[in-house]
Amino acid sequence: MARVLIVDDEKSVRITLREFLKEDKHEISVAKSADEALRLVGKHDFDVIISDIILPRINGMILLKQIREISPDIQVVMMTGEPTADTAARAVRAGAFDYLAKPVTAELLKKAVKNAAKVKILKDENRRYQEHLEELVEERAKALSESEKKYRTLVENVNIGIYRINIDENVRFSEVNPAIINMFGCKSREELLSVNVPDLYENPNNWRRLRKYILRDGSIRNVEFKFLKRDGTTFIGSQSVVAVKDKIGDVLYFDGVIENISERKLIESKLHSFSKVIQDSSDAIIIYDFNGQVIAWGYGAEVMYGWNEDEALKMNIKKLIPPEKLEENKNFIEKLIKGEAVEPFITERISKDGRLLYIWLTFTLLKDEEGKPYAIATTEQDITKRKLAEKDLLESKERYRNLIESLGEGVIVANLENKIVIANPAAERIFGVNSGELIDRKLDEFVDDKNLAILKNQKSFNESKRNSYEIEIIQPKGRRRLLNITVTPKFDKDLNPVGMLGVFRDITEIKRMEKDILKTDKLESIAILAGGIAHDFNNILTIILG
């Protein structure tokens, strides 16, 4: 069971999320604004905070930053109803544990809270464990004390702050090296020696607790604190201290070291934040430095390319890029570093088994707190199947276009307004117009009302049937042509009529020939009849004459 705070300005969302989490017996609090959330964080020790990004007055990103400052161990899960790769990346960079898109399902919400609560428990256990660690480098500190002169040069030149603290009422440094003087932003050794040690901690009570543990246990090791520089800025330091005692066991002074680990903590935080996004994404998420060395490799990348994480972290990004695309990759990185706008684009990559992949590439330039770029994060989607399908479709369209244009029959497609939207060369020839002049003209210009009604037979549309007709058209020069046309109704996906497809041929000459043949047949029949009548008359006349 975890202590959870839900922050959302929509009451219905707060109620829904609370009911989801109550099923797992979590202790739930709600806030409708960032201000109310901050007040609750100051009063209660929460494990997980679930916050919408869009909030009144103070948005979720600012709230996240303030929560990280108040209690960096609280795990924050961000939500938004308008998810984008940019908002996800910004949330992760700001220290969010997870990123959910609205509407959030109960399963995803419970899983995110469960994982975040586990991380919070681990952090709490780790802190308690560090508070009770065994004695640190007593022998090394003792050796350093006994051979101070011998190792003075070493102490003066190391980057880790080394010091000695007296334990009288005014707790001050008695010995310091140059590194710790610079670490606290002092101008001289004397300036640092004049400062009370508790005042160097962001929370002075940390020194009092630290002194108590050292006196009790003899030493502490690698305990992290926030320290104050003389200009008021802070840094995170890892502190190790040993109590130096005399022969009878009385403490003489404290010797210790402080290492500035702010930069390391920042990198660890970023990598930890990125890790969940990288590992859970079905897309290939890859992070590499400006030399091309891979520093993060998600499960989606393993599925897409075939290299597992251990293999990928040992290789350069150039191994994925075809030789002809190396310059393209170099150019887009240079533009990103210069701050120029670069849109996502389609490019090519190579899998472990040598297959050529078409990918949709989106990217983010990663920067440190000082705004200095240090790596590229890419999200890559495999669109190979789509590209191949598009290629096949284009080839198919080209084949059909060539087929239609080479047909001896005319082909037209007309919409419901009788406008011709597609026509092949044979159709232009039959309608008596020049090449390209039939498109966008109306059938009304070539067909009278009677023949137009035949073409747009409502019965054909109702029955969705193909029908054949004989119609007459009038060419622009007034010539009339008789066509045999097969009409097929066209419908949209909702089965609403949108037009018709007509395939036709000119049968004017055929009809004329049929008439001539019919006329010849009639004359032949008359001739045979006349011959028969003449024969009969001849027979009768022969008898009479006889």
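Reader: With which side chain does the side chain of Arg 172 make a polar contact?

Author: This is a predicted model. Arg 172 sits in the loop between strand E6 (161-165) and strand E7 (173-176). Residues that Arg 172 touches include Leu 193, Ser 194, Val 195, Asn 196 and Val 197. Within that list, the side-chain polar contact, at 3.1 Å, is with Asn 196.

Reader: Is Arg 172 buried, partly exposed or exposed?

Author: Buried means under 20% relative accessible area and exposed means over 50%, with partly exposed in between. Arg 172 has a relative accessibility of 31%, so it counts as partly exposed.

Reader: What distance separates the C-alpha atoms of Arg 172 and Val 197?

Author: Arg 172 and Val 197 are 25 residues apart along the chain.

Reader: Why do the buried residues of helix H3 line one face of the helix, and within what arc do they fall?

Author: Helix H3 covers residues 60-70, and its buried residues are Gly 60, Met 61, Leu 63, Leu 64 and Ile 67. Seen down the helix axis, these residues line one face because they fall within an arc of 155°. An α-helix has 3.6 residues a turn, so residues three or four places apart point the same way. For the buried residues of H3, the arc is 155°.

Reader: Which residues are exposed on the other side of H3?

Author: The buried side of H3 is covered by elements that include strand E1 (3-7), helix H2 (34-43), strand E3 (48-52), strand E4 (75-80) and helix H4 (85-93). On the other side of H3, the exposed residues are Lys 65 and Glu 69.

Reader: Which residue in the turn between E13 and E14 has a positive phi?

Author: Strands E13 (residues 345-350) and E14 (residues 356-367) run antiparallel and are joined by 6 bridges. In this pair, Ile 346 stands opposite Trp 360. The two strands form a hairpin with 5 residues between them, and the turn residue with a positive phi, about 90°, is Gly 354.

Reader: Which residue of E15 stands opposite Thr 364?

Author: E14 also pairs with strand E15 (residues 373-382), to which 9 bridges join it. These two strands run antiparallel. Opposite Thr 364 stands Ala 377.

Definitions and conventions. Residues are numbered from 1 along each chain as its sequence is written. This is a predicted model: local features need pLDDT of at least 70, side-chain atom pairs count only at pLDDT 80 or more; totals for chains, interfaces and linings use all residues. Side-chain values use heavy atoms; hydrogens and water are left out. Buried means under 20% relative accessible area, exposed over 50%, partly exposed in between (1.4 Å probe, protein chains only). Helices (H or I, at least four residues) and strands (E, at least two) are DSSP runs, numbered from the N terminus. The arc is that of the directions from the helix axis to the C-beta atoms. Contact means heavy atoms within 4.5 Å. Two strands pair if DSSP finds at least two bridges between them. A polar contact is a pair of N or O atoms within 3.5 Å; within protein, one must be able to donate a hydrogen and the other to accept it, and residues adjacent in sequence count only if both atoms are side-chain atoms.
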